[in-house]
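This report is an introduction for a reader who has not seen the structure before.

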Amino acid sequence: MAESRVALKRSEVEQLKAVCREFNNDPGELINVLHKAQGIFGYLPAEVQEVVAQELNIPVAKVYGVVTFYSFFTMIPRGQYPISLCTGTACYVRGADKVLDEFKRLLKLDVGETSADGKFSLNCLRCVGACGLAPVVLVGEKTYGRVSPDQVREILKEYGYEV
Amino acid sequence: MAKYSMHLLVCGGTGCRSAHSAKITENFKNELDASNLSETIQVIETGCFGFCEKGPIVKIMPDNTFYTQVKPEDIKEIVAEHLIKGRKVTRLLYIDPEKKEKIEDSKHMGFYRKQLRIALRNCGFIDPENIDEYIAREGYEALGRCLAEMTPQDVINIVKESGLRGRGGGGFPTGLKWEFASKYQADQKYVVCNADEGDPGAFMDRSILEGDPHSVIEAMAICGYAIGATKGLVYIRAEYPLAIKRLQIAIKQAREYGLLGKNILGSNFEFDIELRYGAGAFVCGEETALIHSMEGLRGEPTVKPPFPAESGYWGKPTNVNNVETFANIPVIILKGGKWFRSIGTEKSPGTKVFALAGKINNVGLIEVPMGITLREVIFEIGGGIKDGKKFKAVQTGGPSGGCLTEKHLDTPIEFDTLIAAGSMMGSGGMIVMDEDDCMVAVAKFYLEFTVEESCGKCAPCRIGNKRLHETLEKICKGNGTREDIELLQNMSRVIKDTALCGLGQTSPNPVLSTIDNFWDEYIEHVDQKKCRAGVCKDLMQYVIRAENCVGCTACARVCPVGAISGERKSVHKIDPAICIKCGACIEKCKFDAIFIQ
Amino acid sequence: MTKVKSLADLRKMKEELQNKVHLREKGDNAESLVQIRVGMGTSGIASGAKEIFNFFVEELEKRNIEAVVTQTGDMGYNFAEPTVEVTLPGKDPIVFGNVTTQKADKIIECYIKNGELVEGILPENYDKIDNK
Amino acid sequence: MQFVKLTIDNKPVEVPVGTTIYKAAKKLGIDIPVLCYMNLEHMGIENKPAGCRICVVEVEGRKNLAPSCSTNVTEGMVVRTNTMRVLNARRTVLEFLLSDHPKDCLICPKSGRCELQDLAIKLGVRKIHNEEIAEMSTYKKDFSPSIIRDLDKCVMCRRCETMCNDVQTVGTLSAINRGFMSAVAPAFEMDLIKSTCTYCGQCVAVCPTGALTEVDHTPELVRALADPKKVVVVQTAPAVRAALGEEFGMPAGTLVTGKMVAALRRLGFDYVFDTDFAADLTILEEGTELLDRLTKHLNGQPTKLPILTSCCPGWVNFFEQQFPDLLDIPSTARSPQQMFGAIAKTYFADKIGVKREDMVVVSIMPCLAKKYECQRDEFKTDGNPDVDFSISTRELAHLIKEANMDLNNMPDEDFDNPLGESTGAGVIFGATGGVIEAACRTAYEVYTGKKLDKVDFEQLRGLEGIRAAEVDFNGFKVKIGIAHGLGNARKLLEDIRKGKSEFHAIEIMACPGGCVGGGGQPLHHGNSEILAKRAAALYREDANKPIRKSHENPMIIELYEKFLGKPMSHKAHELLHTHYHDRSPKIKIKD
């Protein structure tokens, strides 16, 4: 993963330190801390990991090792409209791969990428458990069920994407 | 208030529909009209009764008469005899297979139902955010009885007697596991609920936590009492926000009622529960990996022994069970180990929850007694294959399981029989596949998942699975040889034999089971370069059948890459060099003029 | 909230709670109410159960029908979500599947008001432990 | 002790409870191949993630194969280490590893000493199936001043991670990513130069493959030697002479001082000097500083105690990064390497009439951090470094072989004068406890004004990670602490931070065993007995030296008389002392 460098605001650092304190600066709570941090920043840039490492008194390499282990954590900011496709088996056998291909084609994005304007990001999820609605697409909080490839264009249109 | 005095429920499930249930409805309506009864008797088509074997089914309310295998020509008789004269048409009544008696009131024939809800007993009945509804349904009674009337060993004995086996996949006897953890002495022990459900296509645990969180909380407290632990942790996927919310509410309510905390129900027993969040790593379903993840580390498994019962969370004795296992516990305490053992089979007592999905009509959450056959699950409860297609395979056990086929349909579902058939119970995902699914591609799909989810610690899983995936891809691209199939088999066996944890030890199962059960398909792929399901894009070509094409241009308009050309009202052509084989044209064509070669 | 201090307390509480439900279900009581449960697990919500839940709450109030609308977990019929279970006083619960707002409206007008069934009933397809 | 009986390959064996199958087999002379497993028994360091799965064996009654390195024996166990099933599994797993490994063995710096290569030879893998479609996990290469990381060759044995975290507690390396792309790397895959790496080189010392190697400075050295305008001066650290012989097939602990000098001379060095000379110089400076602080302490004047030794560059990097609040505690004395360079390019250059820029000072070191140290700005004059470059013991061995020489056939020769003259005190710098022992020999005599009866301070020797001893300075009990391995050092430092330390002086060496176990030494492949033998060799050389106290080194005496004045003089400060920087990681904050 590429090194992403941003300078944090002092208030953001304080907020992050408060999160760590909430978990008693306990290294065992690293994953909970990272969840909260990602909730605040939307992603986990290097600086956030450095602050967390410092506060929990663990090497930043270990924090990075954890961040890159779990697919829930990301070092790339998500788009304004994060698009997630369920790629569970039920969705797969009902054609999720074709829907994914269509999103990739129209957005010109690969999985895990965010569009240059920061509007859309494309991700795959493990089973969301709405197998009755397979294949399932999530845009932010909104769920689209039984999506077929030709619906993709319409879905994107809802979010102001003109192909 | 009621306008109608009687209702006729005609099963409109797919199975019954294909047996002319629509005609039955129509006949009923005509007959009722003819007899001037349509103002007082209403005909309604319903969803599947889950009893397709005896369909079409007609149920008459309010007297609960249950007619099976009804034919359109029977309607006249039903109307004339039953509806007008009030005499049941006994030849259509359901016959109890054991007592050989005809059942008149379906209220007395609960046993026709293939499902039995133990773990799901409250799911879909109670408001999960209201502890009172749980208590009204005997909630916390089991915990109360344990604390007031039983020693920890008594509790363990009941669980042992019940024969309950871990529902997370491994099938290890739960009572024994508790006993191990109870034997180790320590200043602190832990009860962990594994709610890191990760099989793609499985959502049993989430549904239980969302529908009946208290049953898990109660069971964890019972376990705590049995093994001598005062702390419980639920390791739950962060991707389950609703389950997390309901669990948090439930824990709060239980604390407020004093059902968690100190001196529970006036006893000396103390127990409380905290949540730990997973962060998207399938391997964390493995208990040692899960424990490392709870400690804030990378979720890498370690060698067992030592087992968590001896050295688990922070090195303390820890008992890990999954959600469904726990959900069974309060019922077992209340109804006894013997009762539980009377359900299911000797080696696998009780029920199992499955998430039935894929190419099946009734996608859903089901709970069935162990020993039921795959056929019953798929064709009765599941209502058969979607769109009238042909059944091809059922995948159980997720990425660790295998694909079972036609010949396994009458295999009873048990931990050991599924393993013997080359699959496994897993946590309970059950994905049905039809003739449109390519089994080589399915194996590839699962390997893609395993490659993605391998933690990377041990070489066979980290590299071996990647090589399996690449070899499958080679076959799907039409470059495979028979040696590649042999290679797949050898690599698979070695990975199973050498991988560090359960993930790697089972990840080749989808490969081995598809090779075993669908050998012909593999051979077709490598010898004839043919994919009979039409899934492997590199092995197919889209062609326009000239005699059917009317030149409507619909295909050319829908083609996303402009691969189809042709004048209006003349035969069109697909340029294979441009075609991306997305299939949009086939779906659009109304004249059946496009086919895959 | 008061703590439940013993098993006896818990049992007393259970009985009180059960009686309340019982009275409601029996239907020959002045307190009798229509009970509606909406299946609101993740997949129910994903298929629009929240909207249906709100529709029932608002419409029943508008139409002056005394009813309790509650959420519940996954009913298992994921192929036909959203699912709604309606219990009329004195009657067995009935589950309706694929409920849209139009269908919900029909359920209120036909079934709740007139006891007239509506298409899309999902027959109960499982046994409960009480029978075993 | 309780024992269990089992059979391995049909041979019965009895071993204590808790023994692994691997160790039990070893007792029977059955050598099960391993890759990730590493056991530095003498130091209590064991790495057994059970990740490589090369050591698998068949255990009767068990469903799958068992990793012998981490499976304990049980009573009546029946183990087979060489069935077809085992051999096929082992070979297939090795094939997996090789399929994700570059095959540039011929030009790999680890070639010939690579444990993966050894396995490939032993197991005879001749083909990698479907190699043309086998994707490899590739990463960016990292060239730091000391260490090269080529993660394409990482086999995830995790030995480096164990050394960096559990042993050294530096925490630069961690397993990163998941699955096929997992590897061991610094945070954000940053280059080591930007990380908290101390360049102690312990990761390099244990890496079984070419994933971690040292920066090779021999080409520059060869160029300098070939340049007629340059006067090339070499200094050799004490630990080198106790290990270099191993590269030429000699048993561990063979002293090759004389042969090494002969070889260096034949390689074309103009002057072959000894870092031990500078070690003696270090003792005078550091020892004086110690006495100065002790005296102040005894007089109730403000001072900082304990004083910490500062001759180990890995250790200096460590405290600059992790203990920036304690920068005023270590001695300000430069390391012997740098003292040597400073004197060589001033005093000695003047003496032989060579301009600074025309002199090239090379050091032969058991250490990789020295490569970084000599590039530090503090040790340059107008951009010209006091020590031009540092090569490791391994690089020297290479160079000797490349020049068609065999150390075994070399005569014994002596170092040149004046910077080749040294005492026994300088020699023992190479072993843990040696620096402080050398310091005691001098400090005692200076402090008490009495001659030592016995110069051996046995209580300061050994391989225990942290040692404490008292030395009686005429009634004043000097409390001495010794730590080797940075993890042990951290413990002592944390005590100091908390104000709990009772020591007056502490010697710290970054590497386990001290310099004899340095990251630039011949690879010990997990055999820690080798380290003990190297240390013993140094004490032997010390015992055989006519002069064993630094302040009695005649050339040192002359140096002070003619050039420096006295220890801690202004000139000495300028040339022989340094200052430390806060190099702890800083987080950028936007206001």
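## Chain D as a whole

For the 591 residues of chain D, a compact globule would have a radius of gyration near 25 Å, and chain D agrees with this because its own value is 25 Å. The model is a predicted one. Computed along the principal axes is not meant here in an experimental sense: the C-alpha trace of chain D is computed to span about 75 × 65 × 60 Å.

Chain D contains 19 helices and 23 strands. Of its 591 residues, 56% count as buried. Among the contacts in chain D with a separation of 6 or more, 74% are between residues 24 or more positions apart.

## An open sheet in chain D

In chain D, 4 strands form an open sheet with mixed pairing, and their order is E15-E22-E21-E20. The edges are strand E15 (307–308) and strand E20 (466–473) of chain D; each has a single partner strand, so one side of each is left without a neighbour in the sheet.

The partner of E20(D) considered here is strand E21 (residues 476–484) of chain D, which runs antiparallel to E20(D) and is joined to it by 8 bridges. Within this pair, D:Asp472 stands opposite D:Lys477 of E21(D).

## Chain B as a whole

Chain B has 23 helices and 20 strands. Its radius of gyration is 28 Å, close to the 25 Å that the globule rule gives for 597 residues, so chain B is as compact as a globular protein of that length. A box of roughly 85 × 70 × 40 Å, taken along the principal axes, is filled by the C-alpha atoms of chain B.

Of the 597 residues of chain B, 60% count as buried. When contacts in chain B between residues at least 6 apart in sequence are taken, 71% of them join residues at least 24 apart.

## A covered strand in chain B

Is strand E14 (residues 391–396) of chain B mostly covered or mostly open? The strand is mostly covered, with 6 of its 6 residues buried. E14(B) pairs with strand E16 (residues 429–434) of chain B, and the two run antiparallel with 5 bridges between them. In this pairing B:Ala393 has B:Met433 of E16(B) as its bridge partner.

E14(B) also pairs with strand E15 (residues 402–405) of chain B, in the antiparallel sense and over 4 bridges. Here the bridge partner of B:Gln395 is B:Cys403 in E15(B). E14(B) and E15(B) form a hairpin with 5 residues between the strands, and in this hairpin B:Gly397 takes a positive phi near 80 degrees.

The contact between chain A and chain C takes 7 residues from each chain. On the side of chain A that touches chain C there are 3 nonpolar, 4 polar and no charged residues. Chain C and chain D do not touch, and their nearest C-alpha atoms are 29 Å apart.

## Nonpolar cores

The largest nonpolar core has 454 residues, and A:Val52, B:Ile222 and D:Val233 touch the most other members. Neighbours within four places in sequence aside, A:Val52 is in contact with A:Leu16, A:Cys20, A:Val33, A:Leu34, A:Ala37 and A:Val63.

There is also a second, separate core of 15 residues. Among its members are B:Tyr542, B:Ile544, B:Ala593 and B:Ile594.

Definitions and conventions:
Residues are numbered from 1 along each chain as its sequence is written. Chains are lettered from A and ligands numbered from 1 in the order in which they are written. This is a predicted model: local features need pLDDT of at least 70, side-chain atom pairs count only at pLDDT 80 or more; totals for chains, interfaces and linings use all residues. A residue is buried if 20 or more other C-beta atoms lie within 10 Å of its own, exposed if 12 or fewer, and partly exposed in between; C-beta atoms are placed from the backbone. Two strands pair if DSSP finds at least two bridges between them. The radius of gyration is taken over C-alpha atoms; the globule rule is 2.2 Å times the number of residues to the power 0.38. Two residues are in contact if their C-beta atoms, placed from the backbone, lie within 7 Å. Ala, Val, Leu, Ile, Met, Phe, Trp, Tyr, Cys and Pro count as nonpolar, Asp, Glu, Lys and Arg as charged, and the others, Gly among them, as polar. A nonpolar core is a set of buried Ala, Val, Leu, Ile, Met, Phe, Trp, Tyr and Cys residues joined through C-beta atoms within 7 Å.
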